Amino acid sequence: MARKVGIIIEQKTITFADMTDTAGGYQLAKVLSVPMPSPNFYDSIDKAPTEELVKERNIIRDTLTKEGLADREAYFVIPDYLGSMQILNLPIITDKEIVSAIELQADEFIPYPLSKASYDYQIIASDKPKNAMSVLVLVSLQDVIKGIENFILDIGLYPTSLESASSSLFKLLFHKNHLPLKEFVVLMNMEDRSTQISVVNTK
């Protein structure tokens with residue numbers, strides 16, 4: 001069972017979750033919150049860190065080492081306003097074909113040139129008899145993602161997964177081990193800069 005670290009950065013705090021990846025889902029061991037002395041973390045994430053920010057990252061790295069959370073894979077959750085999220089309904093195809101499908105439909109949900117975008121995807125549903133699959137795509141600016149990855153590496157962790165707040169909230173609420181609510185659910189995530197409203201088919 002692999003132990004990982006989940007990360008959520010808000011305006012004033014950064015929260016780390018000590019998680020174990022099991023067959024039944026993630027098991028949470030402990031949660032650690034660290035104050036963020038520098039405000040507006042995401043507003044400066046695509047810029048070179050100042051001397052103050054380097055010291056701040058060193059303090060966070062030392063704290064993670066003391067708490068036994070260093071040198072692990074990290075799952076990072078970004079605010080919804082930093083990315084675009086889309087579900088593509090496709091026939092069952094290969095990973096290479098999924099990438100091509102994303103690029104072909106990019107103009108429909110990516111608000112900037114594809115050359116400036118960084119995206120990740122996950123197959124969230126597959127129906128072989130109907131030859132159908134649903135693919136969740138998360139897109140953000142390359143400079144923002146690169147800055148986040150550098151931050152995670154600077155504090156002694158290894159970035160392996162990136163999600164939006166809404167997609168991670170969906171997984172938490174509607175995990176296969178939890179009881180579903182209705183066939184269609186409206187999921188609303190209200191943040192300080194944006195509100196994401198999603199209509200989710202839980203079947």
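Tutor: Let's start with a definition: helices (H or I, at least four residues) and strands (E, at least two) are DSSP runs, numbered from the N terminus. Please keep in mind that this is a predicted model.

Student: Thanks! Where does asparagine 131 lie?

Tutor: Start with its backbone: phi of asparagine 131 is near 50°, a positive value in a residue other than glycine. As for its place, asparagine 131 belongs to the loop between strand 6 and strand 7 (132-141).

Student: Is asparagine 131 buried, partly exposed or exposed?

Tutor: Buried means under 20% relative accessible area and exposed means over 50%, with partly exposed in between. Asparagine 131 has a relative accessible area of 42%, so it counts as partly exposed.

Student: And aspartate 71, is that buried or exposed?

Tutor: Aspartate 71 also has a positive phi, near 55°, and is a residue other than glycine. Its place is in the loop between helix 1 and strand 4. The relative accessible area of aspartate 71 is 58%, and the cut-off is over 50%, so aspartate 71 is exposed.

Student: Let's step back to the chain. How many helices and strands are there in the protein chain?

Tutor: The protein chain has 203 residues, of which 37% count as buried. Among its contacts between residues at least 6 apart in sequence, 58% join residues at least 24 apart. As for the elements, the count is five helices and 10 strands.

Student: Which residues touch the most other members of the largest nonpolar core?

Tutor: In soluble globular proteins, nonpolar side chains tend to be buried together. Here the largest nonpolar core has 27 residues, and the two that touch the most other members are Ile7 and Phe16.

Student: Which element gives the most to this core?

Tutor: The elements giving two or more residues to this core are strand 1 (2-9), strand 2 (13-22), strand 3 (25-35), helix 1 (51-66), strand 4 (73-78) and helix 4 (142-154). With five residues, the one that gives the most is helix 4.

Student: How many residues are in the second, separate core?

Tutor: Among the members of this second core are Leu88, Ile110, Met133 and Val137. Its number of residues is 14.

Student: With which side chain does the side chain of arginine 57 make a polar contact?

Tutor: Arginine 57 is in helix 1 and is buried, with a relative accessible area of 10%. Leaving aside neighbours within four places in sequence, the contacts of arginine 57 include Ile45, Pro49 and Phe151. The polar contact, at 2.8 Å, joins the side chain of arginine 57 to that of aspartate 154.

Student: Why does aspartate 18 count as buried?

Tutor: Aspartate 18 is in strand 2, and its side chain makes a polar contact (2.7 Å) with the side chain of arginine 3. The cut-off for buried is under 20% relative accessible area. Aspartate 18 is buried because its relative accessible area is 3%.

Student: How far apart in space are aspartate 18 and arginine 72, C-alpha to C-alpha?

Tutor: Not counting residues up to four places away in sequence, aspartate 18 touches several residues, including Leu69 and Arg72. Aspartate 18 and arginine 72 are 54 residues apart in sequence, while their C-alpha atoms are separated by 9.9 Å.

Student: Serine 134 comes next. With the side chain of which residue does its side chain make a polar contact?

Tutor: Serine 134 lies in strand 7 and is buried, with a relative accessible area of 16%. Not counting residues up to four places away in sequence, the residues serine 134 touches include Ile87, Leu88 and Gln122. At 3.1 Å, its side-chain partner in the polar contact is asparagine 89.

Student: What is the volume of the second largest pocket?

Tutor: Strand 6 (117-127), helix 4 and strand 8 (158-164) each supply at least two residues of the lining. The lining divides into eight nonpolar, three polar and two charged residues. The volume of the second largest pocket is about 190 Å³.

Technical notes
Residues are numbered from 1 along each chain as its sequence is written. This is a predicted model: local features need pLDDT of at least 70, side-chain atom pairs count only at pLDDT 80 or more; totals for chains, interfaces and linings use all residues. Side-chain values use heavy atoms; hydrogens and water are left out. A nonpolar core is a set of buried Ala, Val, Leu, Ile, Met, Phe, Trp, Tyr and Cys residues joined through side-chain atoms within 4.5 Å. Buried means under 20% relative accessible area, exposed over 50%, partly exposed in between (1.4 Å probe, protein chains only). A polar contact is a pair of N or O atoms within 3.5 Å; within protein, one must be able to donate a hydrogen and the other to accept it, and residues adjacent in sequence count only if both atoms are side-chain atoms. Contact means heavy atoms within 4.5 Å. On a 1 Å grid over the protein atoms alone, a cavity is a set of points where a 1.4 Å probe fits but cannot get out, and a pocket is an open set with protein on both sides within 12 Å along at least five of seven lines; lining residues have an atom within 4 Å of a point. Grid points are joined across faces, edges and corners, and a volume is the space filled by probe spheres set on the points. Ala, Val, Leu, Ile, Met, Phe, Trp, Tyr, Cys and Pro count as nonpolar, Asp, Glu, Lys and Arg as charged, and the others, Gly among them, as polar.
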